[in-house]
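Student: I would like to learn how to read the packing of a helix and the pairing of aromatic rings in a model. Could we go through one case together?

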Amino acid sequence: MGRVKYQKILLQILGTRPVAYNPDLARALGSAKAGLFLSQLLYWWGNGRKPGEIYKTIEEIKYETGLSRTEQETAIKICKKFKVLEATVKGIPAKRHFKIGITNLVELMNASMLKTNKLVCEKRAKELAEKKQTITENTTHNTYKEYGYINARNKIFKTFR
């Protein structure tokens with residue numbers, strides 16, 4: 001099998017079911033799996049029969065994200081803890097119905113972003129404080145002399161005189 005054939009097969013596999021994942025959600029929730037789960041629900045948010053409600057079976061989520069039943073349950077617990085998700089079970093076969101607490105999610109993301117930005121700023125300030133400031137005086141003459149440009153320039157001028 002040639003290299004091109006492998007590439008085509010790989011593109012078919014990878015291009016079939018991409019999942020939109022937002023790592024900022026994972027950081028805010030403190031869990032990559034919860035971030036993946038909520039990212040997938042946000043993808044479906046607004047596409048259901050009832051506005052703001054998403055219903056998915058365990059198998060549907062597993063197929064879409066690769067998260068097992070226990071991983072989904074853990075993700076739901078984490079999302080409930082932060083009050084960004086409500087889950088109920090309805091219907092036959094049983095489907096889980098989810099409502100995303102958008103207001104709470106916005107507040108959580110805002111707090112997370114502020115914390116992240118503060119940490120980045122503190123880290124950068126610390127890095128700058130640790131660097132020693134040095135003042136060097138460079139003149140054109142010193143630079144040329146350092147690299148041997150003056151000698152090279154003098155040789156060139158002598159040949160044209």
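Student: Against which elements do the buried residues of α4 pack?

Tutor: In this predicted model, where local features need pLDDT of at least 70, side-chain atom pairs count only at pLDDT 80 or more, and totals for chains, interfaces and linings use all residues, the buried residues of α4 pack against α3, β1 (53–56), α5 (69–81) and β3, contact meaning heavy atoms within 4.5 Å. Residues are numbered from 1 along each chain as its sequence is written, and side-chain values use heavy atoms, with hydrogens and water left out. Helices (H or I, at least four residues) and strands (E, at least two) are DSSP runs, numbered from the N terminus.

Student: Which residues of α4 are buried, and which are exposed?

Tutor: Buried means under 20% relative accessible area, exposed over 50%, and partly exposed in between, with a 1.4 Å probe and protein chains only. In α4 (residues 58–65), I61, E64 and T65 are buried; because they cover an arc of only 80° around the axis, they lie on the same side of α4, the arc being that of the directions from the helix axis to the C-beta atoms. E59 and Y63, on the other side of α4, are exposed. Just after α4, G66 takes a positive phi of about 85°.

Student: How are α3 and α5 oriented to each other?

Tutor: Axes are lines fitted to C-alpha atoms, for helices over the stretch in contact, and angles run from 0 to 180 degrees between N-to-C directions. Here the axes come within 8 Å and cross at roughly 85°, so α3 and α5 are roughly perpendicular to each other (the class for 65 to 115 degrees). In this contact, K33, A34, F37 and L38 of α3 meet E71, Q72, A75, I76, I78 and C79 of α5.

Student: How many aromatic pairs does the structure hold?

Tutor: A pair of aromatic rings is described by the distance of the centres and the angle of the planes. Rings of Phe, Tyr and Trp (its six-membered ring) pair if their centres lie within 6.5 Å, and planes under 30 degrees apart count as stacked, over 60 as edge-to-face and the rest as tilted. The structure holds 2 such pairs. The ring centres of F37 and F98 are 5.6 Å apart with planes at 80°, so this pair is edge-to-face; it links distant parts of the chain, F37 in α3 (residues 32–44) and F98 in β3 (residues 95–100), 61 residues apart. F37 is buried at 0% relative accessibility, and F98 is buried with a relative accessible area of 0%.

Technical notes:
Angles under 35 degrees count as roughly parallel, over 145 as roughly antiparallel, 65 to 115 as roughly perpendicular and the rest as oblique.
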